Amino acid sequence: MAQDIENKVEETEEVKATEVAEEEEIEAPVDVDGDGIDEEELIEAGYKVHKFSLFDSPIEIATVVFMVAYVIFAFCSFAFDNPNGTGLMNILEFFFDVVIKLIPAAVLLVACEIHEKVELLEYNLSLNSEYMARYQMDLMDKLEKKDK
């Protein structure tokens, strides 16, 4: 009975020693920006990082061109309609009218950026799940080798 307990204690100590050795092999990512993720290491591992840009897709380019063209057209038409100047109320009314008319285009740009971000998150999650599946298969192989 005492011999069985000693054998179990020795086996437990051996398992703990191998677990500690395996944990030491795994390197934790370097904390660069305070959130525990080193962006360069993730990119090297295949992960994609979203960067804000208004020229990623054709719909974003068309929307930005439309917005700029509309602002230029609106200012030119306001200047040509009022060559002698106008009052402060007319200028504010014109300014807020331009802003209100550009809100749908701005919402479209935000929706496109959110869509791009979600696509990259989906890709990174699938990549992460693939890595975790490989890691679990490697652990199962190690456990099978230890059992034999």
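Visitor: Which residues does E113 touch, not counting residues up to four places away in sequence?

Guide: A contact means heavy atoms within 4.5 Å. By that rule E113 touches H50, F52, S53, L54, D56 and E60. This is a predicted model, in which local features need pLDDT of at least 70, side-chain atom pairs count only at pLDDT 80 or more, and totals for chains, interfaces and linings use all residues. Residues are numbered from 1 along each chain as its sequence is written, and side-chain values use heavy atoms, with hydrogens and water left out.

Visitor: Is E113 buried or exposed?

Guide: Buried means under 20% relative accessible area, exposed over 50%, and partly exposed in between (1.4 Å probe, protein chains only). E113 is buried yet has no salt bridge; such a bridge is a side-chain nitrogen of Lys or Arg within 4 Å of a carboxyl oxygen of Asp or Glu. The nearest side chain of opposite charge, K117, is 9.1 Å away, where Lys and Arg count as positive and Asp and Glu as negative, with His and the chain ends not counted.

Visitor: Where does E113 lie?

Guide: Helices are DSSP runs (H or I, at least four residues), and strands likewise (E, at least two), numbered from the N terminus. E113 lies in helix 4, and D138 is found in that helix, residues 88-147.

Visitor: How many helices and strands does the protein have?

Guide: There are four helices and zero strands.

Visitor: What share of the residues counts as buried?

Guide: Of the 148 residues of the protein, 14% are buried. D138, by comparison, is partly exposed, with a relative accessible area of 44%.
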